[in-house]
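Subject: A structure to look through

Dear colleague,

I am handing over a structure to you, and below it you will find my notes on what came up when I went through it. Please keep the structure open while you read, so that you can find each place in turn.

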Amino acid sequence: MSEQQPQAVKFYQTGTHTVGNRLLDETKRTVQASLDRSNAITSGHRACQGCGEALGARYAIDAAMRATSGQLVAVNATGCLEVFTTPYPETSWQLPWLHSLFGNAPAVATGVAAAFRVKGRKDVRVIAQGGDGGTTDIGFGCLSGMFERNDDVLYICYDNEAYMNTGVQRSSATPPLARTATTQAIGSAPGNVFGTGKNLPLIAMAHNIPYVATATVADLHDLEYKVTKAMGMHGARYIHILVPCPLGWGSASNATIHVARLAIESGMFPLFEAEHGEVTHVSKIRRRVMVEEYLKLQKRFAHLFRKGGNDVENIARIQRMADHNIKRFSLLDEEAR
Amino acid sequence: MLHQIEGSEAVAKAVALCRPEVVCAYPITPQTHIVEGVGALVKSGKLTNCEFINVESEFAALSVAIGSSAAGARTYTATASQGLLFMAEAVYNAAGLGLPIVMTIGNRAIGAPINIWNDHSDSMSMRDAGWIQLYAETNQEAVDLHIQAFRLAEELSCPVMVCMDGFILTHAYERMDLPTQEDVDAFLPPFEPVQVLDPANPYSIGAMVGPDTFTEVRYLAHDKQLQALKLIPEIGAVFKGVFGRESGGLIHEYKTAGAETIIVALGSVNGTIKEVVDVMRGDNAAIGSVSICSFRPFPLDELRAALIHAKRVVVIEKCLAPGLGGVLASNVRMALRGATLPVYTVIAGLGGRAILMSSLQRVFTAAGEDKLLDLQFLDINQESVDHELERAGKTRQSGPTAESILRQQAKRKGVGQ
């Protein structure tokens with residue numbers, strides 16, 4: 001179970017949802033608050049304003065750097081994160097970093113881990129990372145292979161629910177009804193279709209790997225905690241981080257964290273941890289919101305909120321998805337009902 | 001030490017003598033015995049300090065190899081045919097990243113129609129991926145080329161493919177001289193990478209490069225191949241010094257002195273060609289042959305010097321460039337640019353069709369009289385082709401070609417009625 005459970009202070013007792021870093025014991029304070037944070041993705045990169053991926057990756061990699069005392073190698077799939085951090089001859093990466101292809105980051109990481117193992121460098125650990133396209137679509141075969149062999153790699157998926165780097169095309173992580181460049185908001189069934197997509201955290205769990213977790217940029221402390229926990233384990237581990245994309249989602253660039261929080265609070269994105277295929281911890285919804293609140297901040301769902309009236313039927317279908325998540329993962333406790 | 005063993009097993013042992021640290025394995029005929037052999041050596045403890053990784057595809061095999069090589073481990077894998085195509089993206093990537101991976105290709109045809117037998121369509125498809133491509137004429141040379149390949153790859157920081165004919169070499173049992181560990185250790189120094197993933201000295205490897213620099217990066221890939229043109233013969237000479245036999249190099253000439261007709265080919269078919277050359281020399285024909293060992297880099301100058309005094313060149317090649325003819329022949333013509341002697345292309349041995357001495361002799365004799373077409377197909381069944389063309393011309397829904405030809409041939413033999 002989560003180490004955060006025994007914490008006496010509930011963060012939201014201050015009346016906001018701000019995580020009160022200074023309320024925490026010093027050893028539990030965020031990595032970013034520390035002077036010796038590694039700045040693994042240093043400033044000056046080319047991410048858009050409000051990029052959820054840049055934020056998530058920065059926190060994830062810095063947490064992993066602390067957990068490994070800087071003995072870390074990162075492998076990167078092709079995608080936004082790769083492109084905005086390394087326009088030659090500049091690089092944001094302050095750790096050894098390797099980009100090979102779009103669909104092979106998990107296998108490349110397997111190779112890196114094997115090399116360090118054979119060289120007796122047990123202290124050097126390996127992270128592979130990619131977006132949802134590189135993870136749930138084109139890299140899925142290599143990812144499943146890495147899981148199945150239980151290679152000593154933490155794979156992090158930064159999920160912004162479409163191919164943002166190529167101009168917002170649908171991936172198998174794109175939610176129903178979302179407008180993308182290949183699921184246009186036109187015709188009798190605008191946006192992405194229902195009944196498609198894959199839930200990669202659950203698929204990862206089906207491999208019975210040591211650790212699977214979901215996280216968002218709305219709770220960066222929880223993200224750091226999960227990355228730190230993952231780096232304390234060996235074998236194949238998977239963390240799926242929801243990272244809103246202002247460009248692709250059509251949300252305000254100052255609303256990234258708010259949108260991510262609404263994804264959690266609506267039940268659209270359940271936060272949980274699983275070990276060896278079993279769910280071991282679920283983060284309860286604090287103040288439940290209806291999906292409408294989450295959807296209406298995003299222009300990719302604008303066709304549900306037209307002047308002539310809301311698309312009540314389709315909003316209800318998405319609400320049912322959230323309700324299903326809430327039931328499936330028991331996301332509500334008594335307080336939040 | 002002499003052994004009577006299968007080509008694949010010999011290559012597995014040769015690779016093991018090179019002390020690879022990471023070996024990735026995915027089965028595909030006719031390469032499979034090689035990775036099985038390496039795996040058995042690791043499992044039995046005869047090859048130590050080696051991670052043998054069973055992966056889920058060829059794309060993963062070479063991707064794992066990219067990761068381990070970038071982290072400084074001597075890395076080996078093997079593939080063939082569809083497997084090479086499936087990893088194509090990683091093939092280019094490994095070269096672009098300058099990773100000295102050694103990979104065996106058990107040469108095999110590419111489908112459709114699916115065909116497991118030997119030709120060179122697979123490795124030819126990757127000829128311009130930036131890898132060095134060496135073609136073994138015999139199993140002994142396959143063994144020797146692997147040992148040379150690691151040294152070549154690591155000196156240049158460039159991946160090397162050792163191509164050996166599927167079945168003809170991979171599955172042939174013959175006598176081979178396998179070197180001792182001491183000799184291989186003396187020949188092949190430990191791998192010292194020019195770039196490596198190391199937390200003590202963090203590099204970013206694989207950054208995005210734009211129009212401002214891409215041409216220069218590509219030129220340097222070409223320059224690396226030009227350096228290999230010098231290095232391959234040098235390594236061959238060092239190899240001879242340590243192991244006492246000639247192996248590798250850029251080209252092998254056979255009875256080219258005074259030859260009016262010179263045959264050019266890659267790989268094991270050179271054995272058959274030399275036999276035919278001997279027979280025809282016995283009949284006073286002025287004929288010789290050149291076996292090309294290094295196809296990439298392509299030894300333009302050496303080949304030109306070997307061919308320029310002939311009256312004609314006949315290229316026997318196990319690969320077809322549909323719509324053009326021969327790949328190797330086009331390269332040979334580049335070596336002979338400005339010269340007027342004809343270069344005939346003979347497509348032979350596709351999908352494992354046996355290349356017979358009698359067929360070769362017929363073609364070489366016709367070449368000696370300049371009665372060859374620019375492009376011909378050795379032992380093609382023209383009747384089958386004509387029948388199929390006629391049949392397909394009559395009906396729109398003519399169905400799959402391969403199956404139609406098989407059915408027609410079965411009918412003629414009176415079976416399957």
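Please bear in mind that this is a predicted model. Chain B is divided into domain 1 (2-196 + 209-243), domain 2 (251-377) and domain 3 (382-413), and the C-alpha centres of domain 1 of chain B and domain 3 of chain B lie 40 Å apart.

Next, the nonpolar cores. The largest nonpolar core has 100 residues, of which V112(A), Y238(A), V91(B), W131(B) and V332(B) touch the most other members. Helix α3 (residues 105-118) of chain A gives this core its largest share, 10 residues, while domain 1 (2-196 + 209-243) and domain 2 (251-377) of chain B each supply at least three residues. If you select V91(B) and leave aside residues up to four places away in sequence, you will find that V91(B) touches L62(B), L84(B), M103(B), M126(B), A129(B), W131(B) and M161(B). Apart from this core lies another one, of 64 residues, which includes L154(A), A263(A), F269(A) and L304(A).

A search of the whole structure finds 33 salt bridges over all chains, and I describe a few of them here. E273(A) forms one with K229(A), with the closest N and O atoms 3.2 Å apart; because E273(A) is in strand β7 and K229(A) is in helix α7 of chain A, this pair ties together parts that are 44 residues apart in sequence. E273(A) is buried, at a relative accessible area of 0%, and K229(A) is buried too, at 17%.

In chain B, the side chains of R245(B) and D144(B) meet in a salt bridge of 2.7 Å, N to O. R245(B) lies in the loop between α9 and β10 and D144(B) in helix α7 of chain B, so the parts tied together by this pair are 101 residues apart in sequence. R245(B) counts as buried at 16% relative accessibility, and D144(B) is buried at 0%.

A further salt bridge joins E383(B) and R412(B), whose closest N and O atoms are 3.8 Å apart, and here R412(B) is partly exposed, with a relative accessible area of 41%. In chain A, R125(A), D152(A) and R237(A) are joined into one network by salt bridges that share partners.

With best wishes

Key. Residues are numbered from 1 along each chain as its sequence is written. Chains are lettered from A and ligands numbered from 1 in the order in which they are written. This is a predicted model: local features need pLDDT of at least 70, side-chain atom pairs count only at pLDDT 80 or more; totals for chains, interfaces and linings use all residues. Side-chain values use heavy atoms; hydrogens and water are left out. Domain bounds come from an automatic or database domain assignment. A nonpolar core is a set of buried Ala, Val, Leu, Ile, Met, Phe, Trp, Tyr and Cys residues joined through side-chain atoms within 4.5 Å. Buried means under 20% relative accessible area, exposed over 50%, partly exposed in between (1.4 Å probe, protein chains only). Helices (H or I, at least four residues) and strands (E, at least two) are DSSP runs, numbered from the N terminus. Contact means heavy atoms within 4.5 Å. A salt bridge is a side-chain nitrogen of Lys or Arg within 4 Å of a carboxyl oxygen of Asp or Glu.
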